[in-house]
Amino acid sequence: MDFSIAALLTQDGLTNGAIYCLLALALVLVFAVTRVIFIPQGEFVAFTVLTLASFEQNKLPGTVWLLIALAATVLLAEIVAYRKEPGRMLRAMAASALPCVIAAAIVWAVFAMQAGFALQVAATVIAVTSMGPAIYRLAYQPVATAPVLTLLIVSVAVHFVLTGLGLLFFGAEGARTSAFTGSTFALGSMNVSGQSLLVYAFTVGLVVAMALFFKYTLFGKALRATAANRTGARLVGISPNFAGSLSVTLAAAIGALSGLLIGPITTVYYDSGFLIGLKGFVGAIVGGLASYPIAAGGAIFVGLVEAFSSFWASAYKEVIVFTLILPVLLWRSFTTTHHEEE
Amino acid sequence: MVRILCAAIAATLVASAANAQLKVGATLSLTGPAASLGIPEKNTIDLWPKKIGGIDVTYIVLDDASDTTKAVTNTKKLITEDKVDVIIGSTTTPNAMAMIDVVAEGETPNISLGGSARIVDPANPKTRWVFKVSQHDSLMADAVAVHAKAAGITTMGFIGYNDAYGEGWLVEMKRSAATAGIKMDTIERFSRTDASTTGQVLKLMAANPQAILIVGSGTPAATPHKELVARGYKGRIYQTHGVGNSDFLRVVGKDGNGSFLPAGPMLAYEQLPDSNPIKKVAKDYITQYEAKFGPRTTFGGHAWDSYIVLNKAVPEALKTAKPGTKEFRLALRNALENTKDVAGVHGVFNMSALDHNGLDNRGRAMFMIKDGKWALAGAK
């Protein structure tokens, strides 16, 4: 291996690592607020790419039907839950089902108008983000106080349901989206692609935005309060359901943005999300599912290890990446004191 | 009264004998990693006629989710509960291999759609019940080696799936390449789910072989292909018949132009000479398929070939026994084994006790991707 190969591998590893990093941050966020290990995180990434690719092929994205199906199920759930209180029912519907309906209408409108690339991107992000509240309402809200293990099992179920729906609405074949920029820059002896620079810039921007959001906005503070102490937050008037819904929605938005970044780099399938999300999860584990900066660093490390192991031992690439989790778990189990769940 | 009853019973018996039904079971990978192969196969089975050999056919299609255990469970269910006369599937080599023992024990003929020669070779008491309609990977590997040798290529790199499909090809390709005097030194792996193959591609390019063979199925095979082109690889790129669908062309885009692959002649049947017996069969199938389900795939073609061989074998078997009986299944097995000169969409089948595949060189053609379309390629 010479310097240029190492540089190329580093570039590749950093690009993938940046995307894993976004997913790791979303996982930490959802876990901190709701104690849910959010396995379906990757599905948002896959749905984003497939939606945008459908737009590009001039096909009505299956997302429209997915959103309508979600909205219908949520409406049914709200009717059952608030059948005695029509006022609350309407408010609950507006929070959980309305975004899906609006998003479906936007996607359909953008498709019908043959709108440009920018509008397609915007519609895709809105569509995927609006799945967040609906998924939280359907899957997690009814069991919000259940033990972590129950929530994990629910997550696995949501993952399988979304993958199945993905196959139904998008088909079995993969898709790529066109690159935001085809330009390359010469940096010394090596070429850096514009797309990977975009990935770095986006990731850094999003991390900064998240930091500001948590530090200065009321919603961000509410989320932090819920993460720190659920009962305490509730006592000062923060609805745990609202906080949970908001965190899953943010995770969906982050998933959508990651999808935009990864779409031009690789072929994405209806079930690709899981593995991408899992690598983000390895990163998040390094941070103990609690620390944002360590999770981010861990995810970038995963990307680098992946790139270099694909060069040295491509047959064992995944094995090497996922084995990373073992020393981390060992180290964590020795250094942290275990305390019972409240 | 008794007489009327007897007459009624007799009439029913006669009617049921006349209505003897052929039961065709299938276990296909409709979901999971091999779904893009399994779905066109199922679509094709939807095109199968309602009658084969003059008797009604019932179809039972099960999904094995690309999972070996599920394929075995499905096979057991089809044999013991549904009592089918023949089983089609499964889609992938690992699933098809796992089904061999079950169909042998249940004495039910099985027409497999998987790719590896190991499904039916070597012939033994177990594979006695198994037939296979897709081209052996060895047949295709030979085609690649011959084609590369004709173009004066002496070094070839390999990047293949990290699974049974990739391993099967690697073994066959090493053998074919050695025969053709082609050196294969750089061997890399990737998996269907890889987001990036930069590492592998850099290593291949460092070795700089004259040609690189990419072994994958469907669109994932485009990932290393696009990477090679993006890194400026100047040699020749070979793909395998695993990419024979329009989705691959869509994803690989213009980067695919100028690369070669061996595949069944159906892929571009329009370009075959009229004298070729495959052309008519392929035209018939593809016209029906494309009218209903969209662009052709070679995978669907294998499912159609299962129908073609069954259509010839069922009338033979009906001469000796009634469907639904053990005797019929044995007769059907024997009739399948005696398939002679039957033209399908992928080639001409000539089976025997030692060869349960029966495809020869007519079952493969070299294609080139030209302007985003399949084109029959020359000899080198």
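Start by selecting Y285(B) and Y289(B): both lie in helix α10 (residues 277–293) of chain B, 4 residues apart, about one turn of the helix. Helices here are DSSP runs of H or I with at least four residues, numbered from the N terminus. The model is predicted, so local features need pLDDT of at least 70 and side-chain atom pairs 80 or more, while totals for chains, interfaces and linings use all residues. Residues are numbered from 1 along each chain as its sequence is written, chains are lettered from A in the order in which they are written, and side-chain values use heavy atoms, without hydrogens and water.

Y285(B) and Y289(B) are both buried (under 20% relative accessible area, 1.4 Å probe, protein chains only). Their rings form a tilted aromatic pair, 5.7 Å centre to centre with 50° between the planes.

Next, hop to chain A and select F47(A) and F170(A), another tilted pair at 5.5 Å and 40°. F47(A) sits in helix α2 (residues 41–56) and F170(A) in helix α7 (residues 148–170), so the pair ties together parts 123 residues apart in sequence.

Finally, show where the chains meet. The contact (heavy atoms within 4.5 Å) takes 27 residues from chain A and 32 residues from chain B. Which side chains meet in a salt bridge? Select K317(A) and D194(B), 2.8 Å from N to O; the rule asks for a Lys or Arg side-chain nitrogen within 4 Å of an Asp or Glu carboxyl oxygen.

Note on methods:
Phe/Tyr/Trp six-rings, centres within 6.5 Å; stacked < 30°, edge-to-face > 60°. Helix = DSSP H or I, 4+ residues; strand = E, 2+ residues; numbered from the N terminus. Buried < 20%, exposed > 50% of the residue type's maximum accessible area, 1.4 Å probe, protein only.
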